[in-house]
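Subject: Structure handover

Hello,

The structure is below, followed by notes on what turned up in it.

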Amino acid sequence: MKKIWTFFLFTVFSFTVSGCFCESNRKADDSLHNLYPRLAMWWPSSWEQSADDMARYDWIGWSPDEDETVLASLKAKNPNQLHFTSISVTETGKWDWEGYPDLMKEVPDVWFLTQVGTTLASGIDSLVTDIPVNETKVGEMELFIEGDTVACGSESMKVISVDHSAKTITVERGYVRAAVSHTAGERIAAHITFWPETWVMNLSLQCPLRDVGNGDERWIDWAYRKYLPEIIKKQRDGFLVDRIEYGESWLVDGDTRARSIDADCSNTLVTDEYAAFDASWKTGISALFPKLRNMLGGKYLLSNSFGAYHTLLNGAVFEGQPGNWNETEPDTFEDWKNYILGEDGYLNTSRTGYSPNFSLVETYEIDTYHTNNPYTEPGFVPNYQKMRWGIATALLGDGYFSYEIGTNGHGSLGLMWFDEYDNAGAGRGYLGQPDGDCYEIQDFGGDGKVYRRNYTNGIVLCNPSNQSVTIELENSFKLIKGKQVPSVNTGESVRSVTIASHDGRILLRE
């Protein structure tokens, strides 16, 4: 455990540029919401959760088909609350194909982002389930594995088994896209799936061109022309575009998500580790966002992207942060630093791009894709320390905070409310306004650093380092008098406070 004195360090860092990693001349805050901590929520359950609970947040992300009467009732309770429609252009799911069958039947198979494939060895009718193919492997890499879905013309199939010696794949026909006859030589390739029951689409400029009635187009052109206008008919305050990254080569993991990417549908492996593909993907999306903003008529536009393209947006969601998405490995300072302090990190993203900015630190109780919901278990107790680390991280910047059970359900799994949100019931906005930028108050070298930010009514201390720290304060501050973790939020007046690794604390001025 280390001990430091922030009243001295505050004076030093106030006059040295090197002591502050935030922009010293940051844009004036013209957001609609000035109650700190700022709070947001993604996908609450409007049919199970109370309007009073949902109305407490500054902004909410909803699905396109959410009940508009519910949203109107929330606006009546909280006129400043904003509603964003959550949309995706990177993936299509069963709901697209079942909800918009006439629209989606225009999509050719080459607009999916698929793996390296092969061709049919002979023609088949719509009933054959043992599919003859020319190859089942490229070198040692399998083209098909059990559980894959494969695209072939206007049909998709589910792989049940693979016979490498006979060069056949046994499939379930008509999986989501209807079974049809196929001729010899048609391309057949495995879809790339990131989220269950979805298929990744090809937003890169390597996507093959096809004419589906309006001249040659790629997926990104057709999505802008027909797909997105259909799913964003309900015009709300803005739009949250899900999963928009600089590239998609990270999807190649050799097994479950993808063993390869074949963006141009040539059935050949790339030799540049997907550098050209990622660059083409980035170019495609960079061209889409200005067009999308124009389509939306100037409404707010943010993304779930960890800061990618932040100069084109009204902010980004930093999903699962702080956290590491792998419960078998510990969180590290480097994990936190990359997502929070980098060029495309939360601090910079929350202060750049279009105004106002709605960037969100979205911290999860559980980091993996669990289907069980611990919130429903008797005696469930949230991970209060993880929540404190998350909210302290958010308060280092100018964004919003959300604590949710996990990515597979978001707010619908349970709306948790914490003493730190409203000073244990005293009221929202208790911290006042930010008083300058955040700054370093301790450097543990390879183990990380500790940070502080001042507010008019209090201070925020964030310890993402791998060490516990005791901080000596320049004046007396009061701890929140909490009800949930009274051993931490004691309500005492203190001149020092000990903060564990991966923890944070809010203190109030006396």
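The lining of the second largest pocket divides into 9 nonpolar, 9 polar and 7 charged residues. Here Ala, Val, Leu, Ile, Met, Phe, Trp, Tyr, Cys and Pro count as nonpolar, Asp, Glu, Lys and Arg as charged, and the others, Gly among them, as polar. This is a predicted model, in which local features need pLDDT of at least 70 and side-chain atom pairs count only at pLDDT 80 or more, while totals for chains, interfaces and linings use all residues. Residues are numbered from 1 along each chain as its sequence is written, and side-chain values use heavy atoms, with hydrogens and water left out.

The second largest pocket holds about 460 Å³ of space. Its lining has 25 residues, and G147, T193, W195, P196 and E197 are the closest to its centre. At least two lining residues come from each of β5, α4 and β14 (198-200). (A pocket is an open set of points on a 1 Å grid over the protein atoms alone, where a 1.4 Å probe fits, with protein on both sides within 12 Å along at least five of seven lines; lining residues have an atom within 4 Å of a point. Volume is the space filled by probe spheres set on the points, which are joined across faces, edges and corners. Helices (H or I, at least four residues) and strands (E, at least two) are DSSP runs, numbered from the N terminus.)

In the largest pocket there is about 1,600 Å³ of space. W42, W43, S88, E91 and D242 lie nearest its centre, out of 50 lining residues. Two or more of the lining residues come from each of β4 (82-87), β5 (91-93), α4 (94-99) and α6. By class, the lining of the largest pocket has 21 nonpolar, 15 polar and 14 charged residues.

On helix packing, α6 (residues 219-231) meets α7 (residues 275-295) at an angle of about 30°, with the axes 11 Å apart. That makes the two helices roughly parallel (angles under 35 degrees). From α6, the contact (heavy atoms within 4.5 Å) uses I220, Y224, L228 and P229. Its residues divide into 8 nonpolar, 2 polar and 1 charged.

Some backbone points remain. Most residues other than glycine have a negative phi, and most peptide bonds are trans. The bond joining Y36 and P37 is cis, with omega about 0°, and P37 lies in the loop between α1 (6-14) and β2 (40-42). Q321 to P322 is also a cis peptide bond, with omega near -10°. V176, not a glycine, has a positive phi of about 75°.

Regards

How values were computed:
Axes are lines fitted to C-alpha atoms, for helices over the stretch in contact, and angles run from 0 to 180 degrees between N-to-C directions. Angles under 35 degrees count as roughly parallel, over 145 as roughly antiparallel, 65 to 115 as roughly perpendicular and the rest as oblique.
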